[in-house]
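Q: Could you walk me through reading a few features of a protein model? I would like the general idea each time, and then the case at hand.

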Amino acid sequence: MATHRMRSDLTSPTHYVVALALSAISEISSADMCKDVAPEVAKLMVSGNNYIKKKSALAAVRIVKKVPELIDEFLDKITKLMEERHHGVLLSTLSLIIEILVQDKEKYKEKFRKYVHFLIKVLKNLVSSYSAEFDISGIIDPFLQITILKFFGIMGEGDDAISEEVNDILTQVATNTGSVKNTGNAVLFECVRTIFNIESSNTLKTLAINILGKFLASKESNSKNLRYVALQSLQKVVTYDLSAAQKHKATILECLKENDLSIKKLALDVLYMITNEKNVEGICKEMLNYLLVSEPDFLQDLTLKICSVAEKYAPDRRWHIDTIIKVLTLAGNHVRDESIHSLLHLISATKELQSYAVHKLFFSLRENINQDGLAMVGLWCMGEFGETLISGKASAPDNTPIDVSQTEVVDVAEKVLNRFGASESVKEYCLSGLLKLYPKYPQCRQKIRDLIDSQTTSPSLEVQQRACEYLQLLDADWDKMRASILETIPVYQAVDQAHTSKPVGDPTILEVPPKGSSLARKDGPSTFNPTAAQDDDLDLLGMGDDTPVSNTSTSSNSTGNQDFLGGGGNSEPKQESNVDIKNLYGQTSQNTGGASMGMGGGDLLGGINFGGSNNMMGGNMGGGDLLGDMGFGSSPSNNQSQDVLKITALDDGNINIVFNCTKDSADTASITTVFVNKTNTDLTNLVFQVAVLKHCKLTMNPVTSSTIPANSNGAVT
């Protein structure tokens, strides 16, 4: 019934009714309906006014798409329609020709070759002339231009003759079309697609890539759409001219800053495609910077791409190891297992870099225990090659030997194992690493046994099973077989062959703890000194613990014998000294009497010591507290409040800066800074900035005033 009604409307004397029927056919007709109405549509294509001809051609597009065997019925009609000069008729007829070529290009290509020269003239006229009737934002009939370009793209694909014929007009369109408005951008984008579809010259391809580069750098309101289509096109065309695409590397990297996740992922894919042995170091360096600011949804893709290009194009194995460790340090929670396993195989297969890698991993893990990927790699390497950490053979660039004690290594493993929220995989790696260290670290065997035993009641079945089985291996019954069971895992031969083609690189350890740290020694190997570690084992880059901070303070819930102020409870009594604000990085401060405040090398606030039986402030600092017990004993000579520690940060006769430290809880502390101006002139435009360790959280209140009154007439906090 619907088909009958359609056929009846197609013969109506009212052209509006006919047009409505043709529109319905174009939108909703089925294959059976198309077969029935095809003869009427073919007749209307050559009769009636231009409005009906346009609608008939569009209906024919639907019929050809649904019933390709009816194409021959419309070929003769197309020839007559192409003689029309009406833009709408020409546009609809070209759409029909494109659909026919899509259905069977080989059969009908020669039939439509004769229209190429004619359409070149039409397009040239559209580009070079002006018609107010068809002007849209400065572009003359962009719809017809885009359709002609699509036709050229299909006809010129694989055809050198046609490609040569349309090269000039494509160059003219690319250079003369403005990109200020969206209509111009649409024409340029289709021109770029056509250039890469046909057999165009390298010069024309370079021009097309430059147009895409303009899209990427666009500052228009629709710039996100332009960037998206430009990146999508670059994915397809980068193989044509890699060097031209690489010129836009900086612009592509800028797209990683976009808020739109789809644009960021496309930019990442393009960066991966344009990376090679020559630019891998620069691109990886830029992508590593984005690890710090990217959202979690994007981090997994970003880390995967960095690890992939590093493995594929690394100049040497040393650089490969360094790059992946940086990724693990910055975003270890988002690195996939295959990237972790690849790094482990690489380290295992490169004996020359095993000592270097395990030292670098140890130092990184000590400061970033919250990154699961770093923890798994570090613990595995510490277990397999832990003997190199304590061998005393490693040295810094200045030939200063580096000493790491057995206790320090096990302490790091303990922190990871007992970290709140540690995943099951991390605990499994940790238990395996501790088991491997058992025969290598005789001084810590009891502690290793205790740590493994602590997981025998784990709620995780896998962790509990491992702990119980490993604990059995530590019994005396296995003494004779334990060494062979815990031997270093042999190198996987397939991986070994994959990495041997690349040079090893320099095995020199370049990143070492501060010289004041117990990890840097000058007089040969030494055993672990708990007191020394308590004084200066903490460096400026972080302690590895995850402790929140509230108010205007920083806090550390460190374990062992470390405290935030770097001091230990076993130091000798010293005279009080003012903390020089210029001396925060390890120089010796001057003593002027009072409580001990000696600066420790590499500590954030020096090495402020509160220990000693004769200390005026009394008491020892707790190893796991931020400020311990504040070091405030109930000494009769102590005139200060028992829960406020005052530290003079600066007193040069002109300005006095004092830190009033209070411990709010086991995890938080408050530091109130007091500024006093001793000069005769008000100090204005006060700006106070604070830097904290990256694992700490800071809440900072604004200063009470930006002006410090003269002559100590008031204080600013």
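A: Gladly, and we can start with contact, which means heavy atoms within 4.5 Å. Among contacts in this protein between residues at least 6 apart in sequence, 65% join residues at least 24 apart. Bear in mind that this is a predicted model, where local features need pLDDT of at least 70 and side-chain atom pairs count only at pLDDT 80 or more, while totals for chains, interfaces and linings use all residues. Residues are numbered from 1 along each chain as its sequence is written, and side-chain values use heavy atoms, with hydrogens and water left out.

Q: How many helices and strands does the protein have?

A: Helices (H or I, at least four residues) and strands (E, at least two) are DSSP runs, numbered from the N terminus. Here they come to 29 helices and 6 strands.

Q: What share of the residues is buried?

A: Buried means under 20% relative accessible area, exposed means over 50%, and partly exposed lies in between (1.4 Å probe, protein chains only). Of the 717 residues in the protein, 52% are buried.

Q: How do I describe two packed helices?

A: Two packed helices are described by the angle between their axes and the distance between the axes. Axes are lines fitted to C-alpha atoms, for helices over the stretch in contact, and angles run from 0 to 180 degrees between N-to-C directions. Take helix 2 (residues 15–28) and helix 4 (residues 50–66): their axes come within 8 Å and cross at roughly 20°.

Q: Which residues make the contact between helix 2 and helix 4?

A: Helix 2 contributes H15, V18, A19, L22, S23, I25, S26, E27 and I28, and helix 4 contributes Y51, I52, K55, S56, L58, A59 and R62. By class, that contact has 9 nonpolar, 4 polar and 3 charged residues. Ala, Val, Leu, Ile, Met, Phe, Trp, Tyr, Cys and Pro count as nonpolar, Asp, Glu, Lys and Arg as charged, and the others, Gly among them, as polar.

Q: How does the reach of helix 16 relate to the span expected?

A: The expected span of a helix is 1.5 Å times one less than its number of residues. Helix 16 (residues 261–274) has 14 residues and reaches 20 Å from its first C-alpha to its last, close to the 20 Å expected. Its buried residues are I263, K264, L266, A267, L268, V270, L271 and I274. They pack against helices including helix 13 (223–237) and helix 18 (296–313).

Q: What should I look for in phi?

A: Most residues other than glycine have a negative phi. D141 has a positive value, near 45°, and sits in the loop between strand 2 (139–140) and helix 9 (142–156). N685 also has a positive phi, near 55°, in the loop between strand 5 (669–677) and strand 6 (715–716).

Q: Are D141 and N685 buried or exposed?

A: D141 counts as buried because its relative accessibility is 8%, whereas N685, at 65%, counts as exposed.

Q: What does P315 touch?

A: Not counting residues up to four places away in sequence, P315 touches V280, E281 and P503. The C-alpha atoms of P315 and P503 are separated by 7.5 Å, though the two are 188 residues apart along the chain. P315 lies in the loop between helix 18 and helix 19 (317–331) and, at 31% relative accessibility, counts as partly exposed.
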